[in-house]
Amino acid sequence: MLDLLGDIGAPAAVALPELMKALNDHDPNVRRYAIEAIGTAQGSQVEASLLTDALSDEDALVRRNAAMTIAGLGPNLVDDETFVSLLAENLYFWHYHLRGWSIEALQRLTSPKATQEALRYLMTTRRNHTPKSGDTPPDARISKHMVASATV
């Protein structure tokens, strides 16, 4: 149902009170679809606090969907400075989709600070030889690279 509301877009704005409640659901799947639907239903009028809370969610894909929402709204966001520090923090999160959407969001914001954070990240990672995709969560016992090396 939440996924469908996200596909409807602006006409789904009547469901915003329920979507906002869904952000507190214990199921991360519900929170994932809710933040995405809020972004498409509410458009540039999305409340900054909804996105900032989602950017700090314990679930990586909730965070990713919040970054996707910010990237999609980009320069239409009224208070884009609110998101810059959280997006910058998420550039160093273990999940590569979150990192990718965070850099995308920073590049689409109009804030000079967002541009500065995006450039800082890109400059520090351009020669970083660590894997950029297929990352292993921090609680994993052994990285995929080490598994591949050990099995050769």
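**Exercise 1. Is Thr110 buried or exposed, and at what relative accessibility?**

The structure is a predicted model, in which local features need pLDDT of at least 70 and side-chain atom pairs count only at pLDDT 80 or more, while totals for chains, interfaces and linings use all residues. Residues are numbered from 1 along each chain as its sequence is written, and side-chain values use heavy atoms, with hydrogens and water left out.

Step 1. Apply the cut-offs: buried means under 20% relative accessible area, exposed over 50%, and partly exposed in between, with a 1.4 Å probe and protein chains only.
Step 2. Thr110 has a relative accessibility of 53%, so Thr110 counts as exposed.
Step 3. Thr110 is found in the loop between α7 and α8, where helices (H or I, at least four residues) and strands (E, at least two) are DSSP runs numbered from the N terminus.
Step 4. Although Thr110 and Glu81 are 29 residues apart in sequence, their C-alpha atoms are 8.9 Å apart in space.

**Exercise 2. Describe the secondary structure and the overall burial of the chain.**

Step 1. The protein chain has nine helices and zero strands, which read along the sequence as α-α-α-α-α-α-α-α-α.
Step 2. Of its 152 residues, 43% count as buried.
Step 3. The accessible surface, by the Shrake-Rupley method with a 1.4 Å probe and, for residues, only the protein chains shown as cover, comes to about 8700 Å², of which 56% belongs to carbon and sulfur atoms.
Step 4. With contact meaning heavy atoms within 4.5 Å, 61% of the contacts between residues at least 6 apart in sequence join residues at least 24 apart.

**Exercise 3. Determine how α6 is covered and how it lies against α8.**

Step 1. The buried residues of α6 are Phe83, Val84, Leu86, Leu87, Ala88 and Asn90, and their cover includes α4, α5, α7 and α8.
Step 2. The axes of α6 and α8 come within 9 Å and cross at roughly 10°; such axes are lines fitted to C-alpha atoms, for helices over the stretch in contact, and angles run from 0 to 180 degrees between N-to-C directions.
Step 3. The two helices, α6 and α8, are therefore roughly parallel to each other, a label given to angles under 35 degrees.
Step 4. Glu81, Val84 and Ala88 of α6 make the contact with Lys113, Ala114 and Glu117 of α8.

**Exercise 4. Characterise the aromatic pair that contains Tyr121.**

Step 1. Rings of Phe, Tyr and Trp (its six-membered ring) pair if their centres lie within 6.5 Å, and planes over 60 degrees apart count as edge-to-face, those under 30 as stacked and the rest as tilted.
Step 2. A search of the whole structure finds two aromatic pairs, and one of them is the edge-to-face pair of Tyr92 and Tyr121, at 5.4 Å centre to centre with 80° between the planes.
Step 3. This pair links distant parts of the chain, 29 residues apart, with Tyr92 in the loop between α6 (81-90) and α7 (96-108) and Tyr121 in helix α8 (residues 112-125).
Step 4. Tyr121 has a relative accessible area of 9% and is therefore buried.

Note on methods
Angles under 35 degrees count as roughly parallel, over 145 as roughly antiparallel, 65 to 115 as roughly perpendicular and the rest as oblique.
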